[in-house]
Amino acid sequence: YTAPRFTLDEVELDAEPSGLSPSQDRRGLTTGTGPSSDAAVFNLDLDYSDDDALLDWEQYAGLRRFRCCGREWTLPSWARPRPPDWWWTYTKRQRRLLLSGAACCLTFILLIAALAAAAASGHSILPGLIGRGDAEYCAWVEPRLPPGIVPRRYALTLGTKMAAPYAVEGSLTIDLNVTKAARCVVLHAASGLGIQGVWLGNGTGGAQGELRDRPGHQQLVLQFPSTLQPGEGNSLHFRFAYNLSEGLSGSSYTLGAETHSLATTQFEATSARSAFPCFDEPALKAVFVLTVEAPATYTVLSNMPASAVHHHHEEGEGHGPALASWHFPPTPPMSTYLLAIVIGELAGTSRLVPGATAGADPRNVTVWGTPDRRASLEFAADIASKVLPAYEAAFGVPYSMPKLDLVAIPDFSAGAMENWGLILYRETALLTSPTSSLADRRWVAKVVAHEMAHMWFGDLVTMEWWGELWLNEGFASYLEFLGAQAASPELDIFLSFYTDVLPDALEEDSLNSSHPLSIPQGMGCGGFSRRMTGVNTSERIESLFDSIEYNKGAAVLRMLRAWVNRGAGLGALEAAAGINPAQDPFLAGLQAYLNLGAYNATTGSELWRALAGPLGLPDLPKRMRAWTYQQGYPLVRVSLDEGGRVWLQQSRFGIAGVTPCDSTAAFWLPVALATADTPTGKPTWTEFSGCQSAAPVLQNAASAGTWVKANAGQYGFFRVQYDEALWARLVAAAPTLPPTDLAGLLEDSWALAEAGELGIDTFLNLVGSLAARSPEDYEPWAAALPYLERVAQLAPCSTLWQNYLAQTLFNTFLRQDAGGQANTSTAPPPLAFSFDAPSPEGAGVGQRLLRPAILAAAGRYGHLAITAQALELVPNLTASSVDPDARSALLATAVRAGHRDVLVWAWLGRKWRPVSEKLGGGNEGARRMGSLLESVASLFSNQTAIPEVEAVFAASRGVVTEGIYLERARETIETNAVWVTAHGSKLCTWAAQHAKLKP
């Protein structure tokens, strides 16, 4: 036996133990390996157990002093609790056993408490403690479903008599694919889904399941007596009942004195679970076999064409078939959110579209509406029947369904919904009439084409999770232009791509509260994504349907297409009809992507890998990494050195300020450059991916008359800053610059002023150049008008500014002749645009779009002649007295009012609840209400308004639960306040110098 060595450096014993010399320093007993004057080593050659010890140190050696920070400290008596006397009646070994047992009990209690807290917060620690298996699935608390049990096939029957209380009865069989043995199945079911029974086995009987709700995630945990074994032989069976509500919802419309009912689905993003139990995640695709029982006089539509309709008597009646059953054949594998049903009295018009390949069956494309809307369906039917073959040619992949229905719903909650084979629209997005304006017809063509693009991008190939929604919506937002242009070239859809798509995305993505295109699970991605990490709740998913996923996604895709087609020129490709993958590497890449991901789910990284080969860019995933996974975008700086050479640099743009370039997070930048000598539509392209271009991008640009425009054609998703001399040359050339380039300069100069990078005078001087533009130049005005209105809201001299706009800017533009030449005579010439004179014969789409925009703006700011004309025409207004293009502008001018920010916000503060009800319920209604509150609150420019805005958002918290809308509104108000401080005085001085009253 070798005695241990003890260290008592930091304690003092209550009493001197026997065997130590009184002269021995008690603090000198130290662990050591050799002799020391401060240490003593005792070889206690004793044979004893703990319980035989002569002295019980635990009882008598209470510690009261300790050493810390070079000093000795004494513990107060309350810090030295002593056990009761009965404790010492047990031996030391017994006391240790009791303490061990108490510790085990305490650990178990703490574990149970931790599990309960984790369950309440929506996070599970159980898998890490007990492993994966039965216990994990049965105690599942994660927001995403477990991976080991997925659906293969749904056989769903829904029945409704379409009469109050609009009850729905349902039965469902889900065939499962089990890859991991488990006794529990986890799937989705909303709380209002009245499940009456569930069992595992064949259709007539089987093991009854025990149900447990997880309402926080709208999940249902089903536990069965026996274990589900791996394989495809397991089936779940349900019976359930509910009344029409979110998901499968009821609506009504009035014809004459009669009220008629409709039932429709709107399952995106997470409402399929409100209509039937399901695995409601986009990647969990399955086949659907559907039967619908409804009144026999109704039309019933679904994704597939009905294979049979059986009429039968209602129970208890012996006359006539009151009800019927519509049987629909199996769909291709698809996500739950794409299943669709429409039940109602409908009328339709059809077009027969030839098969995509020789010998293939033709397809019926049918547009439906309520019977009173039959005459308004033709335009949409024409567009849809032309878009379908155009997409098949462009993508090189046939449409997958045997038919296509497009249905106009009177009070549809969403704008439109891309259910595979059965697309639903609001009436305003699908119906037109002979009196519809050009803008209305362009809108319908784009929305029809947008939803049809989803038949490939979203339906055939689906994003794996909602955090990459842009793989659906970004593609559709770009391809809608391609489809509508192919279907109706006379609408010149691409004319307005820049101003339709980029301004909103650039503005939103410059905020700190923005987010990347792709939000990977569990990754933080900036201010917004710290709240969005996981994107697991319905509210968070709905808040992603924004300008980033739609418009930024579209802009980034178009930027890439422009780069790979820089030789031929993207403008020529977009205007051409019948372009196919053999003519365009970008389309060839899309074909490869669609073939690779057909009937499956995909990710952004898989997209870039699929495109890399056809585009000839093996490093494409690396090039696109920052565009995909980083929020925000670059600011490209264009500088001129002493030798007349042009260099490019990049930094990170933000509305709160520009941050220096980080070489590890720099963007790959394809940049088109144009000069005064560049042929129209033929810019010089360059690229760089570091903080600065490796070499000059242009030579010999020192001449004072040589302007240099970066991002020529506005194909890139970035902003551009120039040296002061280069800005001056561009301002001087503004009256003759290509329209889209001037639009880009207006956008960039405003944003740079807002970020504190440029004075407001550059923007104002560019605005002044608009007076000399041609009446066909729609895009520069479309870019400027929202900012002219922002200035009217923000400027401390709002009246002076509006006088400048009405009587100087608009008056000068309106008094020029049709060729864009200013009037030089002494008598006021006639107005170039007026309410009672339509656009001249031969006017292009640009002029027809610009006319109502200018008339509405001129009337808004009090142009005397325009306002007088509106007031004269409105009392006798008929359908034919004013042409359709100008009708809405006329009415807006007649009813214009001032200070609408304060009035509208005060009204919203009182009426948010009925407004919310009008916008529709559920997640879609919450998103629309949040966007409405954000857009109106963003009109304020005084930070004292923020508490009032916060109060309204707080009052509506039961509807608008996601905080991003308030955060964006707050950030915009703060930006507006900074703008007023930085630029208000200079703007007023500029307006006073340039304002001149004219009749």
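Contact, as used throughout this tour, means heavy atoms within 4.5 Å. The model is predicted: local features need pLDDT of at least 70 and side-chain atom pairs count only at pLDDT 80 or more, whereas totals for chains, interfaces and linings use all residues. Residues are numbered from 1 along each chain as its sequence is written, and side-chain values use heavy atoms, with hydrogens and water left out.

**Whole chain**

Helices (H or I, at least four residues) and strands (E, at least two) are DSSP runs, numbered from the N terminus. Of the 999 residues, 53% are buried, that is, under 20% relative accessible area with a 1.4 Å probe, protein chains only; exposed means over 50%, and partly exposed lies in between. Among contacts between residues at least 6 apart in sequence, 70% join residues at least 24 apart.

**Met 559**

Select Met 559, which is found in helix 11 (residues 547-564). Met 559 counts as buried because its relative accessibility is 2%. Which residues is Met 559 in contact with, leaving aside its neighbours within four places in sequence? They are Trp 627, Pro 670, Tyr 715, Gly 716 and Phe 717.

**Nonpolar cores**

A nonpolar core is a set of buried Ala, Val, Leu, Ile, Met, Phe, Trp, Tyr and Cys residues joined through side-chain atoms within 4.5 Å. In the largest one, of 270 residues, Phe 276, Trp 456 and Trp 801 touch the most other members. Helix 20 (residues 778-794) gives the most to this core, with 11 residues. A second, separate core has 13 residues, including Val 949, Phe 953, Ala 969 and Ile 973.

Next, centre on Trp 456. Not counting residues up to four places away in sequence, Trp 456 touches Leu 388, Tyr 391, Glu 392, Phe 395, Val 397, Pro 398, Tyr 399, Val 461 and Leu 594.

**Helix 24**

Select residues 884-894, helix 24, and colour its buried residues: Asp 885, Ala 886, Ala 889, Leu 890 and Thr 893. These lie on the same side of helix 24, because they cover an arc of only 110° around the axis; the arc is that of the directions from the helix axis to the C-beta atoms. Their cover includes helix 6 (438-453), helix 22 (845-860) and helix 23 (864-873).

**A three-stranded sheet**

Two strands pair if DSSP finds at least two bridges between them. Display the open sheet of three strands, ordered 26-25-30 with mixed pairing. Strand 26 (646-653) and strand 30 (719-722) stand at the edges with a single partner strand each, so one side of each has no neighbour in the sheet. Strand 25 (residues 633-640) runs antiparallel to strand 26, joined by eight bridges; in strand 26, Arg 652 is the bridge partner of Pro 634. Helix 17 (residues 724-733) packs on the sheet, touching strand 25 and strand 30, and its direction makes about 110° with that of strand 30. Here axes are lines fitted to C-alpha atoms, for helices over the stretch in contact, and angles run from 0 to 180 degrees between N-to-C directions.

Finish at the open sheet of four strands in the order 11-12-17-14, with antiparallel pairing. Its edge strands are strand 11 (248-255) and strand 14 (299-302). Strand 12 (residues 258-265) pairs with strand 17 (residues 341-344) over two bridges, and Ala 263 stands opposite Ile 343 in strand 17.
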